[in-house]
Amino acid sequence: MPNWLKDAVFYEIYPQTFKDTNCDGIGDLNGIIEKLDYIKDLGCNALWINPCYDSPFKDAGYDVRDYKKVAPRYGTNEDLYRLFGEAHNRGIHVLLDLVPGHTSEEHAWFQESKKAEKNEYSDRYVWTNCWIQGVAGHPYIGGEAERDGCYMLNFFKCQPALNYGFLNRTESWQLAPDDPACIATREALKDVMRFWLDRGCDGFRVDMADSLVKEDDENKSATGAIWKNIREMLDKDYPEAALVSEWSNPHQSLKSGFHADFYLDHHGNGYNTLIRDNETPGGDHSFLKKDGNGDIMRFLLDYLPKYDNTHKDGYISFITCNHDTPRARRTLDYDELKIAWALFLTLPGVPFIYYGDEIGMRYLDIPTKEGGYTRTGSRTPMQWDSSKNHGFSDADPDILYLPQDPSEDAPTVEAQEKDPASLLNVTKELIALRHKYTDLQADGSFDVIYAEKEQFPFIYKRGNLLIAINPSDSKASAALTEEAYIDKDDKKSTKLTPVYSIGEFKQEDNTLKLQAQSFVVLSLV
Ligand code: NOJ
């Protein structure tokens, strides 16, 4: 386990829309370098940058044309090497986005693979052996290649599936995962990883990490075996490199060698019930919505088994949002967001903040761009200040990659920096708190102290810190049990000392009374 992950607080950057320095209306690597001091000041000490490789951008860069080349619209490879160096100078680690399951249809491997003559890349992708034979149960394309066969898709039409084999084979064209061609695909992926790791990259966020071997068993054992093999390479040659999966199944991912796995927003899962439970008939019952009448048990019943079974293997990553998910500001106001970030930044594992969430940027209802569809509204340009294009770019507003929040009260970094009670400043305080107390970091213990169905508050213990949260719009109180006072050394504490709070609270005898929308951290020692 890379040591630096224990205290990592990540910041996810969508390079298209973070900061444009060459006035073409689209963000670039030099823009990220320019803003590293801002990221450091926020308290984040790690970055995840969405794909910045050469691509036709039919899926915003998740359709990679050349894994080893920075897309010219973002700069050059040298700019990225410089970014690694500048980030490291500030104590910031950098993860790139690795897309192992598919490439762009324009990738050189695929151009070779399409050819009728057999060559080194013929089996690099999943092909059937006849132009009229499809891939049962999976999307595929026929009629486009000289080669007599159809190819399988991994996501959009532009993303042919790389071939890591089929575990359960029913057709002659399906290769076994240990076929030399499938091993060659895995080795090619390792070569890409080595390329960036050798140049200063600190690891990868892995796209659709569970999508490698097809017709895998329900435990994804064959896909897991590939990641274990890759982890062996990292442990041997790059022990400080981190692997974070887009898998959202820690039982599988963390046991397959990933250091951390995202807890993604899937309708009805524990994370979803905390902040985005707005598709349920009868209204939004998110726990963190002040009038949602939420239920912390819906979260805990999903999260606790995951945490209990995997916290010795790796970390579950809470996210404020990501480039595929509606921004939380769509349904939560600033006060609700403060409590939400307070929860995510005091839970175990490795947290991720999506750019702009620290100021509560809005989700915009705008037309699709580069395959974004409903995701596009979460990908708009960062709002830095009150100057032209909110300081994102000096370009003509008409050529910006995406439009910006047109509201008079569009949040900006500049305005929130001046307001001590702003979401930005509260987020900074929360991140600083996490860095200050190892108990709050990835490995600190987690024990539920008070959680009752459809009741507030929620109280939990992280090491020697007792944390209480009342996101509701009414007062809430709870009697503290014996367990609440037992510190890490099994000693009973006599006094709880407040170390941080949002809103008012009172401690009377053994009862903790919290005002509406409040959050408090108390120390047992
Ligand atoms: C997941 C990525 O997060 C998403 O943005 C992308 O469209 C798909 N994988 C396909 O790579």
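Q: How do the residues lining the second largest pocket divide by class?
A: Six are nonpolar, five polar and four charged. Nonpolar covers Ala, Val, Leu, Ile, Met, Phe, Trp, Tyr, Cys and Pro, charged covers Asp, Glu, Lys and Arg, and the others, Gly among them, are polar. This is a predicted model, where local features need pLDDT of at least 70 and side-chain atom pairs pLDDT 80 or more, while totals for chains, interfaces and linings use all residues. Residues are numbered from 1 along each chain as its sequence is written, and side-chain values use heavy atoms, without hydrogens or water.

Q: Which residues lie nearest the centre of that second largest pocket?
A: Asp409, Ala410, Pro411, Thr412 and Ala415, out of 15 lining residues. A pocket is an open set of points on a 1 Å grid over the protein atoms alone, where a 1.4 Å probe fits, with protein on both sides within 12 Å along at least five of seven lines; lining residues have an atom within 4 Å of a point.

Q: Which helices each supply at least two residues of its lining?
A: Helix 10 and helix 11, the latter spanning 413-418. Helices (H or I, at least four residues) and strands (E, at least two) are DSSP runs, numbered from the N terminus.

Q: And what classes line the largest pocket?
A: The lining of the largest pocket has six nonpolar, five polar and nine charged residues.

Q: Back to helix 10. Where is Glu336, and is it buried or exposed?
A: Glu336 lies in helix 10, residues 334-344. Glu336 has a relative accessible area of 1%, so it counts as buried (under 20%; exposed is over 50%, partly exposed in between, with a 1.4 Å probe and protein chains only).

Q: What is Glu336 in contact with?
A: Leaving aside neighbours within four places in sequence, Glu336 is in contact with Leu288, Lys289, Lys290, Thr331 and Gln517. Contact means heavy atoms within 4.5 Å.

Q: New topic. Where is Ala71 found?
A: Ala71 sits in the loop between strand 4 (66-70) and helix 3 (77-89).

Q: Why does Ala71 count as buried?
A: Because its relative accessibility is 1%.

Q: What does Ala71 touch?
A: Not counting residues up to four places away in sequence, Ala71 touches Cys52, Tyr53, Asp54 and Phe57. Ala71 and Ser55 are 16 residues apart in sequence, and their C-alpha atoms are 6.6 Å apart in space.

Q: Last one: which residues meet between helix 5 and helix 6?
A: Helix 5 brings Arg186, Glu187, Leu189, Lys190, Met193, Arg194 and Leu197, and these meet Ile226, Trp227, Asn229, Ile230, Met233, Leu234 and Asp237 in helix 6. By class, that contact has eight nonpolar, one polar and five charged residues.
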